[in-house]
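Hi,

Here is the structure I promised to pass on. Have a look at it first, and then read on for what turned up.

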Amino acid sequence: EPTNRPTVFAPRTYFSTYLTYNFNEKFQSVTQWDAGWQQNFDLQGNTADFWSFTQYLFYTINPCWKAGVRYDMFVDDQGTRLGGLRFGGLPGGNPLSLPSGSAGTVQAISLGLNYSPTWNFRVRPELRWDWFDGEGPRLFDDLTKNGQFTAAMDMILLF
């Protein structure tokens, strides 16, 4: 992955672990833990680390409908993943002192539905609230806010 020097690349490692547990036919829990690190993330040769935790809880309403709630937390204490690279373009963005965007924690709560009218088609509307607690530029609404609300929907076609 690129470092603060445009011609220098450093190894980045990232992995995910999942645990699924079915309480019964209606309730399901999925826990996800991710961790990563990047060597030489700054000009001093330091290694950055970042990790996340996600908890899903699902309730099967019937064979076509499933409701879900999700909690996400992403921790980036060195600011290597949040907010993109500064390269001196933002106020206080000296790449020699802090080579990236915002350092801190992003959390989110999501509520959603999964509608599967057939075996190979799924519609997933979602409501989500994200918030950021940390240092550096704010993350949302053109770097003016530390929280945001979104409504989204995706469709999946399996073939």
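You'll find Gln38 in strand 2, residues 27–38 (strands are DSSP runs of E with at least two residues, numbered from the N terminus). Its side chain makes a polar contact of 2.9 Å with the side chain of Arg12. By polar contact I mean a pair of N or O atoms within 3.5 Å; within protein, one has to be able to donate a hydrogen and the other to accept it, and residues adjacent in sequence count only if both atoms are side-chain atoms.

Before going further, a word on the ground rules: this is a predicted model, so to speak of local features we need pLDDT of at least 70, side-chain atom pairs count only at pLDDT 80 or more, and totals for chains, interfaces and linings use all residues. Residues are numbered from 1 along each chain as its sequence is written, and side-chain values use heavy atoms, with hydrogens and water left out.

Now the salt bridges. The count comes to six, where a salt bridge is a side-chain nitrogen of Lys or Arg within 4 Å of a carboxyl oxygen of Asp or Glu. One of them joins the side chains of Arg70 and Glu126, at 3.0 Å from N to O. Arg70 is buried at 17%, whereas Glu126 is partly exposed at 23%. Both belong to a network of salt bridges that links Arg70, Asp72, Glu126, Arg128 and Asp130.

Another salt bridge is between the side chains of Arg124 and Asp154, at 2.7 Å from N to O. Here too distant parts of the chain are linked: Arg124 is in strand 6 and Asp154 in strand 7, 30 residues apart. Arg124 is partly exposed at 33% relative accessibility, and Asp154 is partly exposed at 30%. Then there is Lys145 with Asp141, whose closest N and O atoms are 3.4 Å apart. Lys145 is partly exposed at 43%, as is Asp141 at 44%.

Strand 7 also holds Ala151, which is exposed at 58% relative accessibility. Beyond its neighbours within four places in sequence, Ala151 is in contact (heavy atoms within 4.5 Å) with Glu126 and Leu127. Ala151 and Leu127 are 24 residues apart in sequence, yet 4.6 Å apart in space, C-alpha to C-alpha.

Which residues lie nearest the centre of the largest pocket? They are Phe58, Arg70, Leu113, Asn114 and Arg124, out of 26 lining residues. Strands giving two or more residues to that lining are strand 3 (48–60), strand 4 (65–76), strand 5 (103–118), strand 6 (121–135) and strand 7 (147–157). A pocket here is an open set of points on a 1 Å grid over the protein atoms alone, where a 1.4 Å probe fits, with protein on both sides within 12 Å along at least five of seven lines; lining residues have an atom within 4 Å of a point.

Definitions and conventions:
Helices (H or I, at least four residues) and strands (E, at least two) are DSSP runs, numbered from the N terminus. Buried means under 20% relative accessible area, exposed over 50%, partly exposed in between (1.4 Å probe, protein chains only).
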